[in-house]
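Hi,

Here is the structure I promised to send over. Have a look at it first, and then read my notes below.

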Amino acid sequence: MSSFPRLGAGLAVVLVSACGTPAPAAPAAPAAPVTSPAPVPARVTADDARRVGADELGRIPILMYHRVVAEPRSAYDRTPADFRAELERLAAEDYVPVTTADLVSGNLDLPAGTHPVVLTFDDGDPSVFALTPEGEPAPGTAVRILLDVAAAHPRFRPVASVYVNEHPFGGDERALRWLAEHRFEIGNHTARHTNLRRATESAASAAIVEGDTLIRRAVPGYRPSTLALPYGARPRRAETALRGPGYSYAGVLLVGAGPAPSPCSPEFDPASIPRIRSQATGAGAEYGSARWLDELGSAAGRRYTADGDPATISYPRTAPAPAAGCAGVSLAY
């Protein structure tokens, strides 16, 4: 919102003596600096949106990682070389990392023509993040690789969402504080990786509270805003994942196997947000990130493409209408 400063000018003050003889004029007060009103941000037009192929009702990849290790033991592991290659691909294809919290809040302020991607890391494994004795991200960890790729590609933001259990990142007490200070999101994954589907409602709620408390104690003043379900298992009552005694979340992540809807799509459900496992080859690769990034990049991929104006939701007229909450700021072209 632009602001318009109040303009003013100094006035010379003439003093009059008691006998009516004018006193010497006092020096004029210095004039207040005259500033121009802040420029009103340019709003996107239909022509602008059409030119970049904007579709802010399109699909968004939320990529799921667990460990980044030299010798993978499962489809949930990636080698450092594979992880770096995937980040380089995302940067080359004009993806811009955002956090899950950004996604669920609709805070997707991206350059025109780019696409959001959410990088999520479950379980707090030291291969994802560790600090050297000097307090720097350790070489070879996922966070160090992300920082290096972002340094080479300035639009590729070095942010991600990490979902932690007890003793995250090897129990180094500095780790969560460093991540919070560097704009990474810290999300709840329950302290003991509890299967919330098998737990009673009270036990599921208690498990979420325990994980939430762990994060708040580690980073005073920090408030987790999203939850990643262990095993992707939803509690028996879906509302329990979002709200309970002492916690309230804006979004809940599944394990999933496909892109997420735009937060302005009528299909978006904050209690059930799908993710895509990072994977290129092997059993189950048809559900993995390489396949989905290929599809999203195709002519029929219906990928979220930003219009460059965070105050407007642009989309092709051929697309379904946006959710009611976004209708007032929508622009169909």
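**The disulfide**

Let's start with Cys264 and Cys326, which are joined by a disulfide with an S to S distance of 2.0 Å. Keep in mind as you read that this is a predicted model. The count of disulfides comes to one. If the term is new to you, a disulfide is a covalent bond between the sulfur atoms of two cysteines.

Is this disulfide left-handed or right-handed? The torsion about the S-S bond of Cys264 and Cys326 is about -75°, so the disulfide is left-handed. Now find the two ends: Cys264 is in the loop between strand S11 (251–253) and strand S12 (276–277), while Cys326 is in the loop between strand S13 (313–315) and strand S14 (330–332), so the pair ties together parts that are 62 residues apart in sequence. Both Cys264 and Cys326 are buried.

In soluble globular proteins, nonpolar side chains tend to be buried together. Here, the largest nonpolar core has 38 residues, and Leu119 and Leu179 touch the most other members. Several elements supply at least two residues each to this core, among them strand S1 (62–65), helix H2 (80–92), strand S5 (115–122) and helix H5 (173–181). The largest share, six residues, comes from H4. There is also a second, separate core of 17 residues, which includes Val118, Ala260, Phe268 and Ala306.

**Helix H5**

Which residues of H5 are buried? They are Ala175, Leu176, Trp178 and Leu179. Seen down the axis of H5, the buried residues fall within an arc of 160°, so they line one face of the helix. On the other side of H5 you'll find Glu173 and Glu181, which are exposed.

The buried residues of H5 pack against H4, S6, strand S7 (185–188) and helix H6 (201–218). Just after H5 comes Arg183, with a positive phi of about 70°.

**Helices H2 and H8**

Two packed helices are described by the angle between their axes and the distance between the axes. For H2 and H8, the axes come within 12 Å and cross at roughly 10°. Angles under 35 degrees count as roughly parallel, so H2 is roughly parallel to H8. Where they meet, H2 brings Glu86, Arg89 and Leu90, and H8 brings Ser289, Ala290, Leu293 and Asp294.

Notes: Residues numbered from 1 in each chain as written. Predicted model: local features only at pLDDT ≥ 70, side-chain atom pairs only at ≥ 80, totals over all residues. Heavy atoms only, no water. Core = buried A, V, L, I, M, F, W, Y, C linked by side-chain atoms within 4.5 Å. Buried < 20%, exposed > 50% of the residue type's maximum accessible area, 1.4 Å probe, protein only. Helix = DSSP H or I, 4+ residues; strand = E, 2+ residues; numbered from the N terminus. Disulfide = S-S within 2.5 Å. Arc of directions from axis to C-beta. Contact = heavy atoms within 4.5 Å. Axes fitted to C-alpha atoms, helices over the stretch in contact; angles between N-to-C directions. Parallel < 35°, antiparallel > 145°, perpendicular 65-115°, else oblique.
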